[in-house]
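Student: I have a new structure to look at. Can you walk me through it?
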Amino acid sequence: MSGQVLEVEDLRVRLRTPRGPADVVNGLSYTVGPGETVAVVGESGSGKSVSVLALLGLLPARVATVTGRAVLQGEDLLTMKPERLRQVRGPGAGMVFQDPMTSLNPVLTVGRQLVEGIRAHGDVSKAAARRRAADLLGEVGLPDPERALDRYPHELSGGMRQRVVIAIALSNSPALLIADEATTALDVTVQAQIIDLIEGLQADRGTGVIWITHDLGVVAGIADRVLVMYGGRCVEDGTVDDVLERPAHPYTRGLLGALPDLAQPAVDGVVPDLATVPGTPPAPTDLPEGCVFWPRCPVRGDARCEHEQPPLVQIGSGPGLPHRAATWCTEEAP
Ligand SMILES: Nc1ncnc2c1ncn2[C@@H]1O[C@H](COP(=O)(O)OP(=O)(O)OP(=O)(O)O)[C@@H](O)[C@H]1O
Ligand SMILES: [Mg+2]
């Protein structure tokens, strides 16, 4: 075994759509180490959610074709039998979705859902599981956790539901936690509390975290590494310092507001969210042949950028974790 919690290799997802096949994830490779947090950033539609749904077998087979490898603690999630995958979800991998209602059962109380999750993966009495459930709800900042256990999801606010989903995901101390805009809708105090809780789990259990967000403040605060997605590809990845302070790809520089012609400059040097890059991302049914960012790139060259896809290669030669980018124009990085 490699010692990684998760190793994703050449992950590809093609979706059947009314407009023809959509190549939504196109050869994604990355690893998540024990205790490590990998932030995934990129504009809406870049394939962030689909790429993690694919890992856990949560895309319906009749619309999605998933290929590649995704090895979680030595087992390939993509070739696993559905029963095994159901066992693995929970202690193996917990996920917090963008929309909390997709993961809550509307006809079961919060307590029942949490208790079932806790008991499904461990030999715990009902009473002990209920106590653990109430503790967890308290830890994610839910007021009056005992009462919340007896409520149905629709009786809770959106923010409370989201915290319930986070509690469910954390209830089994998973080896891998996938958080898809998990704290975006929560206020900053609750967000900080949840981040603390997750960091505690990482320290105790070595949980690897994939954190999908648009919030650069959160990325800078919690990520060890950052992966920038565009058009279903990783266009740049590296340590949080490399990517945020020395972005190499024109797209990353645009998102960070670091390329004046490409994005609105940061106000007073504060970049709380990803900047807006002018233009629109490519449709996954009609990806460009060369560099995926070519049609919007302000520093593009001609024939090579248009026709040849730049490979994701290591840039610079410093020691430490690799910094990679897929662009023909790294030499122009400031
Ligand atoms: N069920 C589906 N059927 C067809 N196309 C889909 C489906 N789900 C997602 N897509 C398409 O796949 C692409 C990637 O979507 P995805 O939800 O992964 O983006 P994202 O990066 O998570 O965006 P956001 O930041 O808005 O959450 C988009 O073009 C989207 O329209
Ligand atoms: Mg998404």
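Tutor: Over residues 6-256 the chain is 38% helix and 27% strand, with its end C-alpha atoms 27 Å apart. Helices (H or I, at least four residues) and strands (E, at least two) are DSSP runs, numbered from the N terminus. This is a predicted model, where local features need pLDDT of at least 70 and side-chain atom pairs count only at pLDDT 80 or more, while totals for chains, interfaces and linings use all residues. Residues are numbered from 1 along each chain as its sequence is written, chains are lettered from A and ligands numbered from 1 in the order in which they are written, and side-chain values use heavy atoms, with hydrogens and water left out.

Student: What does UniProt list for residues 6-256?
Tutor: The UniProt record, an unreviewed entry, gives "domain: ABC transporter" for them. Such annotations may be inferred rather than shown by experiment.

Student: Now the ligand. Which residues come nearest to ligand 1?
Tutor: Ser-44, Gly-45, Lys-48, Val-50 and Gln-98, out of 14 residues around ligand 1. A residue is near if one of its heavy atoms lies within 4 Å.

Student: Where are the polar contacts?
Tutor: A polar contact is a pair of N or O atoms within 3.5 Å. An oxygen atom of ligand 1 lies 2.7 Å from a side-chain N or O atom of Lys-48. For the side chain of Ser-49 the distance from a ligand 1 oxygen to an N or O atom is 2.9 Å, and a polar backbone atom of Gly-45 is 2.9 Å from an oxygen of ligand 1.

Student: Which element gives the most to the shell around ligand 1?
Tutor: α1, with three residues. The elements giving two or more are β1 (6-17) and α1 (48-55).

Student: And the classes of residue in that shell?
Tutor: Four nonpolar, eight polar and two charged. Ala, Val, Leu, Ile, Met, Phe, Trp, Tyr, Cys and Pro count as nonpolar, Asp, Glu, Lys and Arg as charged, and the others, Gly among them, as polar.

Student: Different topic. How big is the largest pocket?
Tutor: Its volume is about 660 Å³. A pocket is an open set of points on a 1 Å grid over the protein atoms alone, with protein on both sides within 12 Å along at least five of seven lines, and lining residues have an atom within 4 Å of a point. A volume is the space filled by probe spheres set on the points.

Student: What lines the largest pocket?
Tutor: There are 25 lining residues, with Arg-89, Met-95, Phe-97, Ser-103 and Ile-168 nearest the centre of the pocket. The largest share, four residues, comes from α3.

Methods:
A polar contact is a pair of N or O atoms within 3.5 Å; within protein, one must be able to donate a hydrogen and the other to accept it, and residues adjacent in sequence count only if both atoms are side-chain atoms. On a 1 Å grid over the protein atoms alone, a cavity is a set of points where a 1.4 Å probe fits but cannot get out, and a pocket is an open set with protein on both sides within 12 Å along at least five of seven lines; lining residues have an atom within 4 Å of a point.
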